[in-house]
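Have the sequence and the 3D view at hand, and look up each residue as it comes up.

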Amino acid sequence: MKLLLKFNLIFVLVMALGVGVSGYISRDLLQRHAQEEVLNSARQLMENALAVRNYTASQITKLLETQMKYEFLPQSVPSYSATEVLATLRTKYPEYAYKEATLNPTNPRDRADSWEVDIVNQFRNNAELKEFVGQRDTPAGRSLYVARPVRITNPACLTCHSSVEAAPKTMVDKYGPANGFGWNLNEVVSAQIMSVPMELPLRRAEQTFKVFIGSLVGVFVAVGVVLNLMIWFVVVRPVTQLSALADRVSQGDLEAPDFARKSRDEIGVLADSFARMRASVVQAMKMLDT
């Protein structure tokens, strides 16, 4: 087996091992980083929802008090405004879904599903829990979600949600007297839930992984080509030339040219040794002729 072929076999094995180990480690890291990136985007959207809620509660609701006496306007409700704004943002970020899942909502669209009820109850049972991140199976595939509790800290909220008698008549006329009442101050009544398909972070991780592995293989190939050229010019070719000269000398060709190699590396040392050996052979053959 040729020296260059042996080198390339070893190099390919090392490259395959290096790419395999790097790919195994990087794939997991990229998936986790992509998941964290998606969660950070979800958290930013949730902060936008909170900003809309605070803006509605502090400025919009007061402006609509007079009109609310004649017609209930859901735009005065902070959760309604936040949900509508995030629904508009979905036209640009369709992967993200936002909901304020409520155990006993006034608006039926906010009613918590079974899995959302479990999340709200976790917040109700653990006052120290400020955020919950999890995954669940959906008909469309695996979904990643981040949830935060919604706690009644503003007494003004109880005007509409403490009892049917205290609530605005226009609201009761619009949604009925059966839902959205009995809330208490400092009670967790719902949870902000931002969901995103796991396909999104996995797709981002896969794209980055392909670029990384492609670049890594490209670097290995480039290094392999450079090393092959170096071995050919620095080792293989000089050794081949020395071997050919040694064959000619061993067959009695005393007119074979000298090996022109002036270097201090191992090939240079070998060339010097060959030159001394050739001189000894020539001298010995001349002695035999005389």
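The count of salt bridges in this predicted model comes to 16. Three of them are set out below, with the gap between nitrogen and oxygen for each pair.

| Pair | N to O distance |
|---|---|
| Arg-43 and Glu-131 | 2.9 Å |
| Glu-100 and Arg-53 | 2.5 Å |
| Glu-84 and Arg-109 | 2.8 Å |

Let's take them one at a time, beginning with the salt bridge between Arg-43 and Glu-131. Arg-43 sits in helix H1, which covers residues 3–63, while Glu-131 belongs to the loop between H4 and strand S2 (132–138), so this pair ties together parts that are 88 residues apart in sequence. Is Arg-43 buried or exposed? Its relative accessibility is 18%, and since buried means under 20%, Arg-43 counts as buried. Glu-131, with a relative accessible area of 27%, is partly exposed.

Next comes the bridge between the side chains of Glu-100 and Arg-53. Here, too, distant parts of the chain are linked: Glu-100 is in strand S1 (residues 97–102) and Arg-53 is in helix H1, 47 residues apart. Both Glu-100 and Arg-53 are buried.

Then there is the bridge that Glu-84 forms with Arg-109. What does this pair tie together? Glu-84 is part of helix H3 (residues 78–89) and Arg-109 is in the loop between S1 and H4, so the bridge joins parts that are 25 residues apart in sequence. Glu-84 is partly exposed at 31% relative accessibility, and Arg-109 is partly exposed as well, with a relative accessible area of 38%.

Some of the bridges also share partners, and in that way Glu-36, Arg-43, Glu-47, Glu-131 and Arg-148 are joined into one network.

Now for the way the helices pack. H1 packs with helix H7 (residues 199–250), their axes lying 8 Å apart at an angle of about 160°. Angles over 145 degrees count as roughly antiparallel, so that is the label for H1 and H7. The crossing of H1 past H7 is right-handed. Which kinds of residue make up this contact? The residues of the contact between H1 and H7 divide into 24 nonpolar, 10 polar and 4 charged.

H1 also meets H3: the axes of H1 and H3 come within 8 Å and cross at roughly 140°. H1 passes H3 in a right-handed crossing.

Leu-29 has its place in helix H1, where it is partly exposed at 33% relative accessibility. From Leu-29 to Lys-2 is 27 residues in sequence, and the two are 40 Å apart in space, C-alpha to C-alpha.

Phe-132 is found in strand S2 and is partly exposed, with a relative accessible area of 22%. The C-alpha atoms of Phe-132 and Glu-36 are separated by 14 Å, though the residues are 96 apart along the chain. Ser-243, found in helix H7, is partly exposed too, with a relative accessible area of 39%. How far apart in space are Ser-243 and Glu-36? They are 61 Å apart, C-alpha to C-alpha, and 207 residues apart in sequence.

The backbone at Asn-186 is worth a look as well. Its phi is near 65°, a positive value in a residue other than glycine. You'll find Asn-186 in the loop between helix H6 (169–175) and strand S4 (188–197), and at 48% relative accessibility it counts as partly exposed.

Finally, a word on the predictor's confidence. The mean pLDDT of the protein is 85, and 94% of its residues reach 70 or more. Which elements have the lowest and the highest mean pLDDT? Helix H8 (residues 266–289) has the lowest, at 74, and helix H4 (residues 114–125) has the highest, at 93.

Notes
Residues are numbered from 1 along each chain as its sequence is written. This is a predicted model: local features need pLDDT of at least 70, side-chain atom pairs count only at pLDDT 80 or more; totals for chains, interfaces and linings use all residues. Side-chain values use heavy atoms; hydrogens and water are left out. pLDDT is the predictor's confidence in each residue, from 0 to 100. Helices (H or I, at least four residues) and strands (E, at least two) are DSSP runs, numbered from the N terminus. A salt bridge is a side-chain nitrogen of Lys or Arg within 4 Å of a carboxyl oxygen of Asp or Glu. Buried means under 20% relative accessible area, exposed over 50%, partly exposed in between (1.4 Å probe, protein chains only). Axes are lines fitted to C-alpha atoms, for helices over the stretch in contact, and angles run from 0 to 180 degrees between N-to-C directions. Angles under 35 degrees count as roughly parallel, over 145 as roughly antiparallel, 65 to 115 as roughly perpendicular and the rest as oblique. A crossing is left-handed if the near helix is turned anticlockwise from the far one by less than a right angle, and right-handed if clockwise. Ala, Val, Leu, Ile, Met, Phe, Trp, Tyr, Cys and Pro count as nonpolar, Asp, Glu, Lys and Arg as charged, and the others, Gly among them, as polar.
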